[in-house]
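User: I would like to learn how to read the features of a model like this one. Please give the general idea each time, then the case at hand.

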Amino acid sequence: MQQTKFRYYDAVAFKRANPPRSAVHTEFLRTGRIDRSIAWSPSEKRYLSYQEVAERTGRKLERAGDITHERINGFHRSIRFPKLVFHRTLAGTPHLGYCHITVANSRFAEFENVQWAFYMANFLAEIGDEDQFFAGISRKPGRMYFAVAIAPTEEEGRLTIDRTVRGNGVIFRTDDPKLAMKNVLMLGARDEALRKVIQTL
């Protein structure tokens with residue numbers, strides 16, 4: 001199957017270069033004159049390189065990641081997560097990407113100490129297997145939030161999904177930002193009273 005090659009252009013610059021003009025017949029009826037200065041051919045679109053698209057996507061993702069981290073840490077003084085915001089865009093589709101927000105250790109269910117990472121993405125997908133991080137990326141626009149159990153790898157500074165946790169390493173995955181925040185806060189809450197408060201959100 002042949003992969004679609006995307007072309008991107010600067011829509012904001014194109015709109016600024018081509019402001020909407022009043023209709024010729026309306027102008028004629030109003031003034032009795034025909035405006036001959038109207039250019040019938042629109043200005044040429046400036047197409048963006050994949051690098052430019054990836055940079056723009058990255059800036060948006062990191063801005064959203066910063067806001068998300070502030071909201072989580074602003075909930076209660078006893079819940080604090082380190083800020084580790086960085087992004088990645090997908091090869092071949094640089095308008096799609098994901099942002100790492102934080103990492104922490106939690107105890108839940110039968111697992112005594114699980115290290116996990118929290119992410120957000122500007123698309124919907126399943127968490128993939130060992131070969132690819134995402135599977136079944138949706139063509140519909142959307143946003144998803146997810147946390148996965150992580151473990152260090154042989155390669156310095158690299159992490160991998162710890163699939164011994166829940167069989168696939170996924171702690172949660174949702175497209176609901178409120179539910180995502182609630183899940184992260186539950187993972188960060190240290191006492192039962194605070195967990196009860198979070199559950200009522």
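**Reading the model**

Analyst: In the largest nonpolar core, which has 28 residues, the members that touch the most others are Trp 116, Phe 118, Ile 171 and Phe 172. At least two residues each come from α3 (50–73), β4 (93–108), β5 (111–121), β8 (144–152), β10 (170–174), α4 (177–188) and α5 (192–199). The largest share, 5 residues, is that of β5. The model is predicted. As for the general idea, nonpolar side chains tend to be buried together in soluble globular proteins.

User: Which residues is Phe 172 in contact with, leaving aside its neighbours within four places in sequence?

Analyst: Phe 172 is in contact with Phe 118, Tyr 145, Phe 146, Ala 147, Ala 180, Asn 183, Val 184 and Leu 187. There is also a second, separate core of 17 residues, with Val 103, Phe 123, Phe 146 and Val 148 among them.

User: What are the overall figures for the protein chain, such as its helices and strands?

Analyst: The protein chain contains 5 helices and 10 strands. It has 201 residues, 34% of which count as buried. Of the contacts between residues at least 6 apart in sequence, 51% join residues at least 24 apart. The chain exposes about 13,700 Å², and 51% of that area is supplied by carbon and sulfur atoms.

User: How is a single helix checked? What span should the 12 residues of α4 have?

Analyst: A span can be set against the distance between the end C-alpha atoms. At 1.5 Å a residue, α4 should span 16 Å, and its end C-alpha atoms lie 17 Å apart, which agrees.

User: Which residues of α4 are buried?

Analyst: The buried residues of α4 are Ala 180, Val 184, Leu 185, Leu 187 and Gly 188. Because they cover an arc of only 160° around the axis, they are on the same side of α4. Their packing partners are α3, β4, β5, β8, β10 and α5.

User: What is found at the start of α4?

Analyst: There, a side-chain oxygen of Asp 176 comes to within 2.9 Å of the backbone nitrogen of Lys 178.

User: Now a residue in another helix. Is Ile 198 buried or exposed?

Analyst: Burial is read from relative accessible area, with buried meaning under 20%. Ile 198 is in helix α5. Its relative accessible area is 0%, so Ile 198 is buried. Not counting residues up to four places away in sequence, Ile 198 touches Phe 75, Ile 79, Lys 182, Leu 185, Met 186 and Ala 189. From Ile 198 to Met 181 there are 17 residues in sequence and 9.6 Å in space, C-alpha to C-alpha.

User: Is Thr 57 buried or exposed?

Analyst: Thr 57 lies in helix α3. With a relative accessible area of 8%, Thr 57 is buried. Leaving aside neighbours within four places in sequence, Thr 57 is in contact with Thr 89, Pro 94, His 95, Leu 96, Gly 97 and Asn 122.

User: Last, the backbone. What is phi of Arg 166?

Analyst: Phi of Arg 166 is near 60°, which is a positive value in a residue other than glycine. Arg 166 is located in the loop between β9 (159–161) and β10. Its relative accessibility is 48%, so Arg 166 counts as partly exposed.

Definitions and conventions:
Residues are numbered from 1 along each chain as its sequence is written. This is a predicted model: local features need pLDDT of at least 70, side-chain atom pairs count only at pLDDT 80 or more; totals for chains, interfaces and linings use all residues. Side-chain values use heavy atoms; hydrogens and water are left out. A nonpolar core is a set of buried Ala, Val, Leu, Ile, Met, Phe, Trp, Tyr and Cys residues joined through side-chain atoms within 4.5 Å. Buried means under 20% relative accessible area, exposed over 50%, partly exposed in between (1.4 Å probe, protein chains only). Helices (H or I, at least four residues) and strands (E, at least two) are DSSP runs, numbered from the N terminus. Contact means heavy atoms within 4.5 Å. Accessible areas come from the Shrake-Rupley method with a 1.4 Å probe; for residues, only the protein chains shown count as cover. The expected span of a helix is 1.5 Å times one less than its number of residues. The arc is that of the directions from the helix axis to the C-beta atoms. A polar contact is a pair of N or O atoms within 3.5 Å; within protein, one must be able to donate a hydrogen and the other to accept it, and residues adjacent in sequence count only if both atoms are side-chain atoms.
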